[in-house]
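Here is a short report on one protein model.

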Amino acid sequence: QVEHGSLYPALHRLERKGWLAAKWETGDGKRELKYYRLSAAGRKHLVLEESKWKRLVDAIARVAARAEG
């Protein structure tokens, strides 16, 4: 579970970087709801970060395999 004190600052940082796009819409009743979606720049950055993550996981797996003998 992510706390409000962590989630919303993170969403705002991602929005400032251009990786998220947000829009306000009226939900059920008259309450305004803010919806976030990944922007094109965000998708591009996600692919880059996912590639880095996969390389790191592969490297750790190789080290672990060597340690096991």
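What percentage of the 69 residues of the protein chain count as buried? The share is 7%, where buried means under 20% relative accessible area, exposed over 50% and partly exposed in between (1.4 Å probe, protein chains only).

This is a predicted model: local features need pLDDT of at least 70, side-chain atom pairs count only at pLDDT 80 or more, and totals for chains, interfaces and linings use all residues. Residues are numbered from 1 along each chain as its sequence is written, and side-chain values use heavy atoms, with hydrogens and water left out.

The protein chain has two helices and two strands. From the N terminus on, the order is α-β-β-α. These elements are DSSP runs, numbered from the N terminus: helices are H or I with at least four residues, strands E with at least two.

| Property of the protein chain | Value |
|---|---|
| Radius of gyration | 18 Å |
| Box of the C-alpha atoms along the principal axes | roughly 65 × 25 × 20 Å |

A compact globule of 69 residues would have a radius of gyration near 11 Å. That radius is taken over C-alpha atoms, and the globule rule is 2.2 Å times the number of residues to the power 0.38.

Now the local detail. Ile60 sits in helix α2 (residues 40-68). Ile60 is exposed, with a relative accessible area of 52%.
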